[in-house]
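Hi,

Here is the structure I promised to pass on to you. Please open it alongside this email, and my notes on what turned up follow below.

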Amino acid sequence: MAPITVSNVKKSYGSVPVIHGVSLEIEDGEFVILVGPSGCGKSTLLRMIAGLESITGGEVTIDAKVVNDLPPRERDIAMVFQSYALYPHMTVAENMGFSLKLSRHSKAEIAQKVQMAAEILDLEPLLDRRPAQLSGGQRQRVAMGRSIVRDPKVFLFDEPLSNLDAKLRVQMRSEIKELHQRLKTTIVYVTHDQVEAMTMADRIVVMNSGHIEQIGTPMDLYDSPESLFVAGFIGSPAMNFLTGGIQRGPNGDSFVSEAGTTIPFAFATALPDASIVLGIRPENLALGEMGPVVLDGVISVVEPTGADTLVSVHVGSDTLLMLIRERVNLKSGDKIKLSADPSTFHVFGADDGKRLPKQ
């Protein structure tokens, strides 16, 4: 186990900068997930920690040791890639123990470490099989086992579940989280899937265009996103956004969208008169006249998902997505009332996208 410190790290390819002075502290034994859209720099940052990419500027330390100029094999890390990269002619046991064989460990020690990893990952019945005889989830466990036998200070995962189907991804999320709880080893994990990040991480690092947008626990990011980008990226389904401004009145303040939708907003006293963006999570909208704010709407689309129902509602010229958890009989064209509590609203500056205090 080892803490990791990334200090003002930069990466450029020629004259093109892709990582812009990123700083990050990862505690010993912590499970940190780097998340963001394709091209945001998360995999590049992971590869710099691993030593697979050179560092243009700044410093990376692992267990208080600067590793900028150390090759990957000297960093005491193990990496699990999106591609399983298993040798097809070797058995599961041979694949898992191959790195130990290259480093000239004894056969007895290799067998002992492979057996230990197989027990952790429930691979004991599969040790004599070859990769072609395994499912995708089993192959990914073998790739993880190959890392575990090395007993590294740090595990690095680069989108390891992307090649799996939806059911296997859910299963493997649980298995990786359980593995971390058993081994208590520092893990840095890259994914573009915010659900994966929310369900697995101790802390999440949201990246955008080579910058860190926000760092926090999953619920910190969900409850208090610091920018429009984080608010739109964290949460499924995504947050509703309405651009507009605050209208002051003798009977109280209201938010008025650019399309003309008026929403009473009792928490608006601290907000500027400039253009703002109001964020409302679909799960914070309710069917009926149940909250302080009640709006008239017309249903455009109903999407049953089983346990939940997603409903797109036209409110004036705006469209809001609502998540309903009870069974309802709704159809396109129905006129409904939907309600909300302004205390659950999120407000951002329209110009800089930064979070604004409501009071």
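Strand 14 (residues 276-280) and strand 20 run antiparallel and are joined by four bridges. One of the bridged residues is Gly279, whose partner in strand 20 is His346. Strands here (E, at least two residues) and helices (H or I, at least four residues) are DSSP runs numbered from the N terminus, and two strands pair if DSSP finds at least two bridges between them.

Before going further, a word on the source: this is a predicted model, in which local features need pLDDT of at least 70 and side-chain atom pairs count only at pLDDT 80 or more, while totals for chains, interfaces and linings use all residues. Residues are numbered from 1 along each chain as its sequence is written, and side-chain values use heavy atoms, with hydrogens and water left out.

Next, a pair of helices. The axes of helix 3 (residues 107-121) and helix 5 (residues 166-183) come within 10 Å and cross at roughly 130 degrees. Axes are lines fitted to C-alpha atoms, for helices over the stretch in contact, and angles run from 0 to 180 degrees between N-to-C directions. Helix 3 and helix 5 are therefore oblique to each other; angles under 35 degrees count as roughly parallel, over 145 as roughly antiparallel, 65 to 115 as roughly perpendicular and the rest as oblique. Glu119, Ile120 and Leu121 of helix 3 make the contact with Leu179, Arg182 and Leu183 of helix 5, where contact means heavy atoms within 4.5 Å.

Finally, two threonines. Thr5 lies in strand 1 (residues 4-13) and counts as buried, at 18% relative accessibility. Buried means under 20% relative accessible area, exposed over 50%, and partly exposed in between (1.4 Å probe, protein chains only). Leaving aside neighbours within four places in sequence, Thr5 is in contact with Leu24, Glu25, Glu59, Val60 and Thr61.

Thr309, in strand 17 (residues 309-315), is buried as well, with a relative accessible area of 10%. Not counting residues up to four places away in sequence, Thr309 touches Val302, Glu303, Pro304, Met322, Leu323 and Ile324.

Best wishes
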